[in-house]
Amino acid sequence: MGTGNYTYSTKKPGIVFIISAVFVFLFVLWGFVRPNQLASVAATSLDFTIETFGWFYMMVAAFFVTFIIFLALSPYGKLRLGKPEDQPEYSFYAWLGMLFSAGIGVGFVFWGVAEPVLYYVDTPLDQDVETQAEAAQLGLNYGIFHWALHPWAIFSLVALALGYVQFRKDQPALISSAFYPLFGDRVRGKIGQSIDILAVLATSTGVATTFGLSAMQISGGLSYLTGLPNNAATQLIIIGIVSILFMASAASGLDKGIRYLSIVNLTVAGLLLIFVIFLGPTIYLLESVTTSLGAYISKFVPMSLTMTPFTDSTWIGTNTVFYWAWHISWAPFMGMFIARISRGRTIREFIAGVLLVPSLLAVIWFSVFGGAALNLEMNGIAPIAGIVNDTVELALFATLQEFPLGGLTNGLALVLILIFFITSADSASYTLGAMTSKGSLDPTLFTKITWGVLIAGTASVLLLSNGLEGLQTASIVAALPFSIIMTVMVFSMFKMFTQDLKKERKQIHQRQMKEMKEEILDELEEEIDDFSRDSSSVSSKSKNEKRK
């Protein structure tokens with residue numbers, strides 16, 4: 001398959017595909033046959049994971065952010081995801097659109113209103129607040145905190161490692177390839193296969209969570225606008241319809257399907273954002289953006305490292321730890337996909353695009369949509385908090401309905417969620433296909449569709465077993481082994497980047513020495529030529545004088 005100036009080969013699925021697909025299929029079967037048993041086991045696993053490893057999730061997430069920022073500011077930032085002469089494969093706008101439509105945009109749309117309002121009611125860390133304004137700002141602070149630097153640093157880490165080993169080192173597009181600097185050729189054996197299987201299982205669970213959230217929000221939106229029942233049956237029908245649509249997109253390939261849908265999606269999201277800013281309380285929302293950005297910057301470190309060992313508060317575990325785990329479970333998928341679309345960019349350019357731009361957009365999105373909802377609630381215009389507490393997926397639609405052109409903006413929101421859902425399914429099936437096809441960047445249609453069906457099945461059983469709580473539980477538990485893999489990956493990357501930077505500096509030094517030698521030789525040749533001409537001139541002059 002060719003895209004732009006690059007060509008990628010197709011490979012058949014291997015042993016990783018068989019083992020991981022069987023595991024996921026058995027999980028789906030378990031959920032359909034014994035949904036209550038699945039819910040019970042998941043709840044027990046969740047409690048154990050949060051109580052025992054909550055601190056670990058907080059520490060590694062902060063460590064990943066620190067490491068990525070260090071890479072951007074250090075000399076390593078000059079290294080390129082590809083050969084030194086490679087250029088970016090996609091335009092900046094298309095690239096940014098694909099980053100969001102890969103799936104994280106679903107989180108923005110689902111939680112952009114719901115999360116700040118939920119935290120306004122259930123104050124983070126059980127903090128005492130004296131005024132509604134303080135509670136509202138605290139809600140916005142934590143909503144932004146969960147969707148800005150931390151998730152994008154987690155995705156950047158895996159994407160950098162994979163993009164670098166694929167396009168600079170010519171390694172296959174596998175999570176295990178990032179460990180080649182540490183394990184050498186052993187990553188082609190059982191060690192590598194185990195890493196890849198764990199990555200596939202974490203990915204399928206994380207993506208299934210997003211599938212479920214999307215189905216819940218589309219079902220809630222249709223119910224709110226048309227009166228259709230908002231229940232599990234409707235959500236399963238939506239998952240089925242979207243699965244058919246994504247297969248059509250998958251058949252058209254990455255360059256046509258995801259690329260075009262991503263550009264449309266980013267444009268629709270931008271229009272919706274502009275609608276809310278100018279049709280809502282404009283000055284209030286712009287002030288909200290400014291204040292939230294300042295609060296995020298000033299409180300970033302305390303929020304990143306806050307646990308509650310003395311108060312036994314469960315808030316961190318059910319909120320912040322869930323988000324870090326969910327983002328980590330997404331990391332193999334987002335990392336693989338971002339790496340695939342980022343070929344030719346330098347590490348510094350990559351981090352600016354993948355870390356800073358989306359983080360700034362998270363601040364704007366949550367401040368605008370969350371701020372608009374909080375304004376409605378605090379001024380008694382609409383009972384947004386009550387709606388969010390009862391049916392969280394209705395948060396966005398209930399908020400938009402209170403502004404002018406509510407029918408139009410709600411329609412745009414439904415289109416946005418639907419396209420996000422399709423592109424999430426498409427990019428997830430593409431990524432899982434690559435991960436289970438020996439690293440092929442052009443997996444077969446059969447492999448992509450198989451994963452699409454399995455993820456849809458996983459989302460369905462999680463919805464049936466325990467709805468939103470089931471989706472959250474699966475993410476937190478599945479992410480634990482992969483968070484350990486990511487921690488080791490940091491050291492592998494550092495070793496690889498250090499070796500290549502030394503090599504690059506040595507090559508630059510050798511090239512400079514060669515150029516210097518060539519300049520000296522050229523100057524010597526010129527001086528010799530000048531001397532020869534002068535000698536010849538003197539000789540001819542003396543001959544002429546003798547003749548005279």
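**Reading ring pairs, salt bridges and a charged patch**

Guide: Ring pairs join Phe 108, Trp 111, Trp 147, Phe 322, Tyr 323, Trp 326 and Phe 366 into a cluster. The model is a predicted one, in which local features need pLDDT of at least 70 and side-chain atom pairs count only at pLDDT 80 or more, while totals for chains, interfaces and linings use all residues. Residues are numbered from 1 along each chain as its sequence is written, and side-chain values use heavy atoms, with hydrogens and water left out.

Visitor: How many aromatic pairs does the rule give?

Guide: Rings of Phe, Tyr and Trp (its six-membered ring) pair if their centres lie within 6.5 Å; planes under 30 degrees apart count as stacked, over 60 as edge-to-face and the rest as tilted. By this rule there are 27 aromatic pairs. Among them, Phe 48 and Phe 53 are edge-to-face, at 6.2 Å centre to centre with 75° between the planes. Trp 152 and Phe 155 also form an edge-to-face pair, at 5.6 Å and 85°.

Visitor: Where do Trp 152 and Phe 155 lie in helix α5?

Guide: Helices are DSSP runs (H or I, at least four residues), numbered from the N terminus. Trp 152 and Phe 155 are three residues apart in helix α5 (residues 149–167), so about one helical turn separates them.

Visitor: Is Trp 152 buried or exposed?

Guide: Buried means under 20% relative accessible area, exposed over 50%, and partly exposed in between (1.4 Å probe, protein chains only). Trp 152 is buried at 0%, and Phe 155 is likewise buried at 0%.

Visitor: How many salt bridges does the structure hold?

Guide: A salt bridge is a side-chain nitrogen of Lys or Arg within 4 Å of a carboxyl oxygen of Asp or Glu. The structure holds six. One of them joins Arg 343 and Asp 86 at 3.7 Å, N to O. This pair links distant parts of the chain, 257 residues apart, and both Arg 343 and Asp 86 are buried.

Visitor: Which residue meets Asp 500 in a salt bridge?

Guide: Lys 169 does, at 2.8 Å, N to O. Asp 500 lies in helix α17 and Lys 169 in the loop between α5 and α6 (180–183), 331 residues apart. Asp 500 is buried at 5% relative accessible area, whereas Lys 169 is partly exposed at 30%.

Visitor: Which residues form the negative surface patch?

Guide: Patches take residues with over 30% relative accessible area and no salt bridge, like charges being joined within 9 Å. The members here are Glu 515, Glu 518, Glu 519, Asp 522, Glu 523, Glu 525, Glu 526 and Glu 527. Glu 527 is found in helix α17 (residues 445–547) and is exposed, at 52%.

Terms used:
Patches are made of residues with over 30% relative accessible area and no salt bridge: like charges are joined within 9 Å, nonpolar side chains (Val, Leu, Ile, Met, Phe, Trp, Tyr) within 5 Å. Accessible areas come from the Shrake-Rupley method with a 1.4 Å probe; for residues, only the protein chains shown count as cover. Lys and Arg count as positive and Asp and Glu as negative; His and the chain ends are not counted. The place of a charge is taken as NZ of Lys, CZ of Arg, CG of Asp or CD of Glu. Helices (H or I, at least four residues) and strands (E, at least two) are DSSP runs, numbered from the N terminus.
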